[in-house]
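Subject: Structure handover

Hello,

Here is the structure we talked about handing over. Please open it first, then read my notes below.

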Amino acid sequence: AGTCLQNMRQVLLLLTGVCEVHTAREKGLLDFGRSQQAGGQKLVWALLELGLSRAVCRVAWGELCGALEALLGAWGDDTTWESLVAHVMGRVPKLGPSYRAAVATLRTLPTSSTRGVVLQTAMAGAIMRSLDPGVAGAGPSSSRTRSQAHSGREALDTLRALAGPKPEGGLKRLRAQGGDRPDYWRLITLVECVHEVVWGEVYTRVMDGPEADSALVLAREWHEWCKALLSGLRQATSAAATQLRVLLSEVVNLVDFAVLTQH
């Protein structure tokens with residue numbers, strides 16, 4: 001097993017090198033024509049699935065992230081890129097044995113590039129629609145391109161519809177099946193997904209500049225919503241509720257420090 005993992009590291013390094021050379025020579029465009037798109041999409045999906053393996057992540061996490069980042073950066077024109085995003089969105093609910101596994105994978109994607117952020121945001125939106133298709137948007141996820149994917153506003157509105165505008169007194173639709181208590185694990189997954197969508201949008205807009213004001217408004221609303229839910233969970237004592245409080249505290253602190261205190 002150790003030899004196989006070391007060999008995999010070398011393969012990932014080779015893939016990274018090939019993409020980087022191609023980017024330098026071909027101005028960042030891998031020529032995935034119609035006959036080759038399926039192969040390229042399978043390669044991206046294989047890298048995402050490798051992220052589910054603890055053994056791979058322990059030995060070759062840096063190489064895996066580098067390979068995926070290089071491959072996304074060297075991808076073809078906007079048309080083939082849209083096709084890749086739509087393909088991943090259509091399959092992401094099947095990534096791993098559960099939604100929790102899929103979310104764990106997307107939250108650790110390399111996002112130093114705009115394309116990495118776009119793919120992460122699209123994956124989070126697809127998981128949200130799978131968890132609550134009636135609220136999270138019409139149409140199958142595989143049919144929605146990046147321009148139709150979840151926006152930060154849509155994602156936040158989804159949570160408001162599920163848990164109410166004042167979450168400390170809501171959570172009516174998030175009851176566990178056959179019970180009266182909120183399904184905290186489902187809510188944890190949704191909060192993680194919404195955060196990835198909102199954070200991705202805030203990140204790209206603040207970096208771009210012209211839409212910084214609307215990004216800050218969105219960040220403030222997300223910040224206040226998480227604080228309200230955190231306040232409403234003070235009396236909850238289950239393990240899942242405790243984990244949700246930890247997650248919300250992390251989100252509040254991150255947005256507070258990285259965005260609100262800087263503007």
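Disulfides first: the count is zero, taking a disulfide as a pair of cysteine sulfur atoms within 2.5 Å. Cysteine 57 is in none, and its nearest cysteine sulfur, that of cysteine 65, is 7.7 Å away. Cysteine 65 is likewise in no disulfide. Cysteine 57 is partly exposed, at 23% relative accessible area. Cysteine 65 counts as buried, at 14%. Here buried means under 20% relative accessible area, exposed over 50%, and partly exposed in between, with a 1.4 Å probe and protein chains only.

Some ground rules. This is a predicted model, where local features need pLDDT of at least 70 and side-chain atom pairs count only at pLDDT 80 or more, while totals for chains, interfaces and linings use all residues. Residues are numbered from 1 along each chain as its sequence is written, and side-chain values use heavy atoms, leaving out hydrogens and water.

Now the core. The largest nonpolar core has 70 residues. Such a core is a set of buried Ala, Val, Leu, Ile, Met, Phe, Trp, Tyr and Cys residues joined through side-chain atoms within 4.5 Å. Helix H8 (residues 184-208) gives the largest share, 10 residues. Helices are DSSP runs (H or I, at least four residues), numbered from the N terminus. Domain 1 (1-90) and domain 2 (98-136 + 146-262) both give residues to this core, so it lies between them. The domain bounds come from an automatic or database domain assignment.

Among the core members that touch the most others are Val191, Trp222 and Leu244. Valine 191 touches Leu159, Trp222, Leu244, Leu247 and Leu248, leaving out residues up to four places away in sequence. Contact means heavy atoms within 4.5 Å.

Trp222 also belongs to an aromatic pair, and the structure holds one. Its partner is tryptophan 225; the ring centres are 6.1 Å apart and the planes at 15 degrees, so the pair is stacked. The cut-offs: centres within 6.5 Å make a pair of Phe, Tyr or Trp rings (six-membered ring for Trp), and planes under 30 degrees apart count as stacked, over 60 as edge-to-face, the rest as tilted. Both tryptophans are buried.

Last, helix H6 (residues 114-131). Of its 18 residues, 16 are buried. Leucine 131 lies in H6 and is buried, at 17%. Beyond its neighbours within four places in sequence, leucine 131 contacts Tyr99, Arg186, Thr189 and Leu190.

Best wishes

How values were computed. Helices (H or I, at least four residues) and strands (E, at least two) are DSSP runs, numbered from the N terminus.
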